[in-house]
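Okay, thanks for having me, everyone. I've got one chain to walk you through today, so let me put it up on the screen.

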Amino acid sequence: MAWVYLVLAGILEIIWAYMLKQSDGFSRLVPSAITVVTMIGSFGLLSLSMRTLPLGTAYGIWTGIGAVGTFIVGILFLGELISPARIIAAILIVGGLLLMKFSSDFQM
């Protein structure tokens, strides 16, 4: 269940980051409210996942989901630049996330 909590926390992180951009510096009420609510939810789910997952794994994957997710949202919804370097960076982040996940399954 910890992995489900962590993925949901990552999705909420993507939402709050997008809504933070939409809030225009917290000057728009609805996007600002959504930002705060999804931040609380994201941190709450992250903390639940950390009950069983290692700190470095949980935090690393949470931030990675947020980084890659907001990269994709920025391209799809905000018209942000798509460049080979940015795509390679996202692929490297995903590779790191997968390595982090699989390495946490094996204890030495």
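Predicted model: local features only at pLDDT ≥ 70, side-chain atom pairs only at ≥ 80, totals over all residues.

What's it built from? The C-alpha trace spans about 50 × 35 × 15 Å along its principal axes.

How much of it is buried? Of the 108 residues, 33% are buried. The accessible surface of the chain is about 6,800 Å², and carbon and sulfur atoms account for 76% of that. And if you take the contacts between residues at least 6 apart in sequence, 64% of them join residues at least 24 apart.

Okay, now the pair. Look at helix α1, residues 2-22, and helix α3, residues 55-78: their axes come within 8 Å and cross at roughly 40 degrees. Angles under 35 degrees would count as roughly parallel, so α1 ends up oblique to α3. As for the hand, the crossing of α1 and α3 is right-handed.

Which residues meet there? On the α1 side you've got, among them, Trp-3, Leu-6, Ile-11, Ile-14 and Tyr-18, and on the α3 side the residues include Ile-61, Trp-62, Ile-65, Val-73 and Phe-77. There's some glycine in there too, including Gly-10 from α1 and Gly-66 and Gly-69 from α3. By class, the α1 contact with α3 has 15 nonpolar, 7 polar and 2 charged residues. Glu-13 and Lys-21 of α1 are part of that contact as well.

Note on methods. Residues numbered from 1 in each chain as written. Heavy atoms only, no water. Axes fitted to C-alpha atoms, helices over the stretch in contact; angles between N-to-C directions. Helix = DSSP H or I, 4+ residues; strand = E, 2+ residues; numbered from the N terminus. Parallel < 35°, antiparallel > 145°, perpendicular 65-115°, else oblique. Left-handed = near helix turned anticlockwise from the far one by under 90°. Contact = heavy atoms within 4.5 Å. Nonpolar A, V, L, I, M, F, W, Y, C, P; charged D, E, K, R; others polar. Buried < 20%, exposed > 50% of the residue type's maximum accessible area, 1.4 Å probe, protein only. Areas by Shrake-Rupley, 256 points an atom, 1.4 Å probe, with all protein chains shown as cover.
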